[in-house]
Amino acid sequence: MAEHYHFGGCDTVALAREFGTPLYVVSEDDVLARIREVKAAFDEKYERAHTHYASKAFLTKDMIRIAKEQDMGLDVVSGGELHGAMALDFPPERIVFHGNNKTPAEIAMGLDYGVGRFVCDSLGEIELIDRLAGERCARPHILIRVTPGVDSHTHAYISTAMADSKFGVPLPQVPEAVARCLGLKNTELVGFHFHVGSQLLKNASHLMAVDILLGVIRDVRERIGFTTREFDLGGGFGVRYTKDDDVRPIGYFVDPMVERIEAFCAEHGLHRPDLAIEPGRWIVCEAGVTLYTVGSIKEIPGIRTYVGVDGGLPDNPRPALYQAAYDAVVANRCDEEATEVVTIAGRCCESSDILIRDLRVPPLAPGDILAVKSTGAYCYSMASNYNKVPVPAVVAVRNGVPRVSVRRQTYEELYERDV
């Protein structure tokens with residue numbers, strides 16, 4: 001009998017049979033192991049250091065419960081993400097509200113719930129938050145997101161720290177932003193935030209950003225008299241998608257950042273700020289796989305063999321958006337020799353709907369189960385109904401026991417909001 005691929009203690013072929021495909025599978029054991037790892041490397045290693053989970057990577061009620069139980073902070077970027085946190089009574093003081101264009105309604109929602117921090121992306125947003133806070137007799141804490149002008153050498157669509165970016169306050173405007181904040185009555189500026197990009201396998205851009213922001217922290221203290229109490233170092237720490245990704249432990253990123261911060265503060269007689277990081281992908285990505293069923297197999301002699309599966313762009317738009325690379329295994333025959341090279345094609349009417357190019361596999365047949373690895377981040381969270389394809393179910397696995405975390409969307413639900 002052919003060997004099956006196991007994930008999270010479960011036979012993935014059995015999962016496909018029981019829950020159908022496409023199917024997101026998330027190992028909660030792996031998520032919890034990552035949380036323990038980051039806490040040991042940051043929260044527990046350094047005083048006044050705390051990790052916020054970047055919920056945009058993957059957010060379900062179960063994931064909110066895990067973050068709540070593990071005493072993590074929660075980074076949200078929309079009213080929808082905040083609503084999920086509110087529905088599960090996530091502690092508001094542990095919520096950090098991001099976003100480059102928060103609407104007045106979203107800001108009001110956050111103020112009414114009492115979120116712990118607003119990360120401000122522009123001068124106009126600072127004044128908007130102050131006005132809405134005044135209407136509610138609130139005084140929220142805010143951080144200024146600074147665009148440090150660092151090239152992270154990642155895909156342009158996930159690079160966020162260059163001077164020409166829709167995110168953050170440009171470096172030359174930071175002193176003005178600080179001065180304005182200090183003149184406002186209804187908000188309290190507590191520090192700064194940066195995020196240099198996503199899926200970074202080297203720490204150079206993080207360290208460059210730290211050096212730049214430390215200069216800002218010193219300058220605003222000397223020129224304006226503002227003492228930075230909090231410094232959020234963002235996330236973006238890289239994970240393994242394919243064997244070519246040279247991944248590093250979390251300490252490779254955070255240790256040198258903290259060392260530089262502590263040395264700088266000691267040298268210049270500054271109080272070391274409270275520190276935060278915001279990993280999302282790093283916590284959930286490798287904790288997820290997506291299962292598909294093979295359908296059509298189309299050989300174009302001398303050119304390519306296309307293998308069609310029952311999902312694609314609607315459940316994982318990353319390959320089409322920024323040429324993201326993945327690895328996969330034929331789950332029902334994972335012990336067989338890979339003798340063929342094929343391209344895994346999604347089911348949508350788009351030429352860009354290609355999940356994996358040039359994947360080595362054993363000879364395939366319709367009905368085989370394909371398991372695409374490292375899909376825990378930015379797949380379910382970016383899923384769409386393009387071509388009116390329902391969003392797959394999410395099955396969570398803990399201690400080898402599977403359960404439905406998010407049920408599969410039905411055809412009826414695709415039209416239930418139509419009038």
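**Overall size.** Along the principal axes, the C-alpha atoms fill a box of roughly 70 × 50 × 40 Å.

**Ground rules.** I noted that this is a predicted model, where local features need pLDDT of at least 70, side-chain atom pairs count only at pLDDT 80 or more, and totals for chains, interfaces and linings use all residues. Residues are numbered from 1 along each chain as its sequence is written, and side-chain values use heavy atoms, with hydrogens and water left out.

**Elements and burial.** I found twelve helices and 20 strands in the protein chain. These are DSSP runs, numbered from the N terminus: helices are H or I with at least four residues, strands E with at least two. Of the 419 residues, 56% count as buried. Buried means under 20% relative accessible area, exposed over 50%, partly exposed in between (1.4 Å probe, protein chains only).

**Contacts.** I looked up contacts, meaning heavy atoms within 4.5 Å. Among those between residues at least 6 apart in sequence, 69% join residues at least 24 apart.

**Pro-314.** I placed Pro-314 in the loop between β14 (304-309) and α11 (318-322). It counts as buried because its relative accessibility is 2%. Leaving aside neighbours within four places in sequence, Pro-314 touches Cys-348, Met-382, Ala-383, Ser-384, Tyr-386 and Val-389. Its C-alpha atom is 36 Å from that of Leu-123, 191 residues away along the chain.

**Cysteines.** I searched the whole structure for disulfides (pairs of cysteine sulfur atoms within 2.5 Å). There are zero. For Cys-349, the closest cysteine sulfur is in Cys-348, 7.0 Å away, so it is too far for a bond. Cys-349 is exposed at 65% relative accessibility, whereas Cys-265 is buried at 5%.

I saw a cis peptide bond between Thr-21 and Pro-22, with omega about -10°. Pro-22 sits in the loop between α1 (12-19) and β3 (23-27). Asp-71 is not a glycine, yet has a positive phi of about 60°. Its loop runs between α3 (61-69) and β5 (73-76), and Asp-71 is partly exposed at 40% relative accessibility. Gln-323, also not a glycine, has a positive phi of about 50°. I located Gln-323 in the loop between α11 and β15 (328-330). Gln-323 is exposed, at 56% relative accessible area.
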